[in-house]
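Let's take a look at this protein together. Here is a quick briefing on its pocket and its aromatic rings.

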Amino acid sequence: MKPSSLIIVRHGRTAYNAQGLLQGRVDNPLDAVGEQQAAVLGDHIAPLLDGQAVIMSSPLLRARSTAAALAERTGIEIVIDERWIELSYGVYDGVPQGEVPADVWARWRDDPHFAPDQGETLAQVQKRVSQACEELLESLQGRTAVIVSHVSPIKSAVAWALGVDVGVSWRTHLDTASMTRITLTSRGPVLRSFNELPAGLR
């Protein structure tokens, strides 16, 4: 049996992305650029899939809209999985990144168990994403899953694949509409690519 694979996609651009605002759980739509990115992703990924593939998405609109562009091209139904939702920044959702106090950023970087008021910890994201990945490792049985998600969950999936602490996420960068590929082998997950952009988006 061929190994299973994950193609984890960051959603297309939103107005908040363009403005440098922390988005978190704010449920924004794609902007015009994001809609174009979703279309390019759909055209790029669809030929890689067969009728046994799975398309999963975060419940947030920007992810679902990006996934819809692929579903329209393949006829594959989107499965919503809450575990792939973005980190909650709590009181900092919607705030410009430059206006978050320096000591808050420092605590986030130093402590994966830190959460701002009403927010979520990176450790919590890592736990739910790792659980989702482990389930896919068991269930895919040689199939491909495309998962449309957000920065923090995708970085958590990379940490899971590499077997490293989620703190590695602070040393990585993900563009909107980028792809990260993980192969699920009999010896465990293997990271195949990170922050990969289709030719039409480079």
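Predicted model: local features only at pLDDT ≥ 70, side-chain atom pairs only at ≥ 80, totals over all residues.

Residues are numbered from 1 along each chain as its sequence is written, and side-chain values use heavy atoms, with hydrogens and water left out.

**The largest pocket**

- The largest pocket holds about 660 Å³ of space; a pocket is an open set of points on a 1 Å grid over the protein atoms alone where a 1.4 Å probe fits, with protein on both sides within 12 Å along at least five of seven lines.
- That volume is the space filled by probe spheres set on the points, which are joined across faces, edges and corners.
- It has 30 lining residues (those with an atom within 4 Å of a point), and Leu-22, Tyr-89, Gln-97, Val-151 and Lys-155 are the closest to its centre.
- Helices H1 (15-19), H4 (102-110) and H6 (151-162) each give two or more residues to this lining; helices are DSSP runs of H or I, at least four residues, numbered from the N terminus.
- H6 gives the most, with four residues.

**Aromatic rings**

- There are five aromatic pairs, meaning rings of Phe, Tyr and Trp (its six-membered ring) with centres within 6.5 Å.
- Trp-105 and Trp-108 make a tilted pair, 5.3 Å centre to centre with 45 degrees between the planes; under 30 degrees counts as stacked, over 60 as edge-to-face and the rest as tilted.
- These two Trp residues are about one helical turn apart, because they sit three residues apart in H4.
- Trp-108 is buried, at 2% relative accessibility (buried means under 20% relative accessible area, with a 1.4 Å probe and protein chains only).
- One aromatic cluster takes in Tyr-89, Tyr-92, Trp-105, Trp-108, Phe-114 and Trp-170.

Conventions: Buried < 20%, exposed > 50% of the residue type's maximum accessible area, 1.4 Å probe, protein only.
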